[in-house]
Amino acid sequence: CCRPHGVLVERTENPLWLSNAYLLADPERRTGVLIDGNDELGPLLERAERDGIRISHLLVTHPHGDHVAGLAEARERLGGPPLVAHPDAAAEIEDEVEVLLGDGERLDAGGIEIEALHTPGHAAGHLTFLVGGHAFTGDVLFKGTVGGTMALGASGFADLKASVLRLLELPPETRVHPGHREPTTIGAERESNPFVRVWRGLQQPGSEPVTVWGRQATLRLWAPDYDGGHKAWVRFDDSDEDAIVGGSQVERN
């Protein structure tokens with residue numbers, strides 16, 4: 001948990017999915033929001049109850065199961081605060097989404113001003129939430145890696161790359177709270193994230209021939225992933241299509 005910039009941020013991590021859920025609160029106003037669900041929301045709800053924090057909204061970065069699990073139960077326990085998501089994500093969330101946010105739109109959550117950035121790629125309806133010096137980046141930008149582009153509802157490599165590069169324009173001290181594993185900063189990712197370094201022209205992409213799902217491809221980048229495995233940027237030979245996939249999908253010669 002941390003409290004820079006006058007807000008409280010507390011995180012839980014699901015031990016199976018390694019996905020994060022967050023409590024973001026203003027301790028002085030005693031108001032807050034939950035960001036994403038990971039089926040491990042109990043400690044966050046208990047912290048809010050212990051500190052007398054009223055949860056005004058439940059925010060969803062994107063509608064994949066490991067990021068919405070437990071939200072319906074939490075919403076019922078909290079008395080029904082509204083769900084918040086991008087319009088392209090709303091139809092994929094089982095519970096009713098009452099507040100739709102598009103790119104650049106803002107939400108007043110009990111006195112906490114939250115700005116939404118549309119950051120597609122991993123999911124078409126993906127949002128990053130900005131508040132103060134914090135960015136809740138979901139499955140777009142992680143510590144040392146980026147999101148995949150072949151998941152259900154993904155909008156593709158070009159969107160993901162553009163979203164990551166857009167996030168890198170934030171101030172370097174911005175604290176990044178990703179959808180999986182530990183936090184980082186924009187400055188740290190600008191300098192050390194392998195994908196970012198190639199996309200910024202600081203490293204050259206690779207040219208190793210590989211096979212992905214039975215298709216011949218070129219391995220542009222092989223890098224560590226948040227789960228201890230690897231993440232790969234590949235370009236399929238039969239279509240020149242770029243994709244970011246899990247390392248387990250890549251057969252290297």
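**Entry 1: ground rules**

I worked with a predicted model, in which local features need pLDDT of at least 70 and side-chain atom pairs count only at pLDDT 80 or more, while totals for chains, interfaces and linings use all residues. Residues are numbered from 1 along each chain as its sequence is written, and side-chain values use heavy atoms, with hydrogens and water left out.

**Entry 2: the open sheet**

I began with the sheet that holds β9 to β14. Its six strands form an open sheet in the order β9-β10-β11-β12-β13-β14, with mixed pairing. For my own reference, strands are DSSP runs of E with at least two residues, helices are runs of H or I with at least four, and both are numbered from the N terminus. Two strands count as paired if DSSP finds at least two bridges between them.

Which strands sit at the edges? I found β9 (106-109) and β14 (184-185) there, each pairing on one side only. Next I checked β10 (residues 112-118) against β11 (residues 127-131): the two run antiparallel and are joined by four bridges. H118 is placed opposite L127 of β11.

I then followed the chain to β16 and β17, which pair antiparallel over seven bridges. They make a hairpin with five residues between them, and G228 in that turn has a positive phi of about 90 degrees. Across this pairing, T218 stands opposite R235 in β17.

R235 turned up again on the β18 side, where D242 is its bridge partner. β17 and β18 are antiparallel too, with five bridges. I also looked at how covered β17 is: five of its seven residues are buried, so I noted the strand as mostly covered. The cut-offs for relative accessible area are under 20% for buried, over 50% for exposed and partly exposed in between (1.4 Å probe, protein chains only).

W213 is not a glycine, yet its phi is positive, about 55 degrees. I placed W213 in the loop between β15 (208-212) and β16 (215-224), and it is partly exposed at a relative accessible area of 42%.

D240 has a positive phi near 60 degrees and is likewise a residue other than glycine. It belongs to the hairpin of β17 and β18, which has five residues between the strands. Is D240 buried or exposed? I noted D240 as exposed, with a relative accessible area of 57%.

**Entry 3: salt bridges**

How many salt bridges are there? The count comes to 18, taking a salt bridge as a side-chain nitrogen of Lys or Arg within 4 Å of a carboxyl oxygen of Asp or Glu.

I looked up E49 and R77 among them, whose side chains meet at 3.2 Å, N to O. This pair links distant parts of the chain, 28 residues apart: E49 is in helix α1 (residues 42-51) and R77 in helix α2 (residues 71-77). E49 is partly exposed at 48% relative accessibility, and R77 is partly exposed at 44%.

Another salt bridge joins E115 and R106 at 3.4 Å, N to O. R215 and E241 also meet in one, at 3.8 Å, N to O. R215 lies in strand β16 and E241 in the loop between β17 and β18, so this pair ties together parts that are 26 residues apart in sequence. R215 is partly exposed at 26%, as is E241 at 33%.
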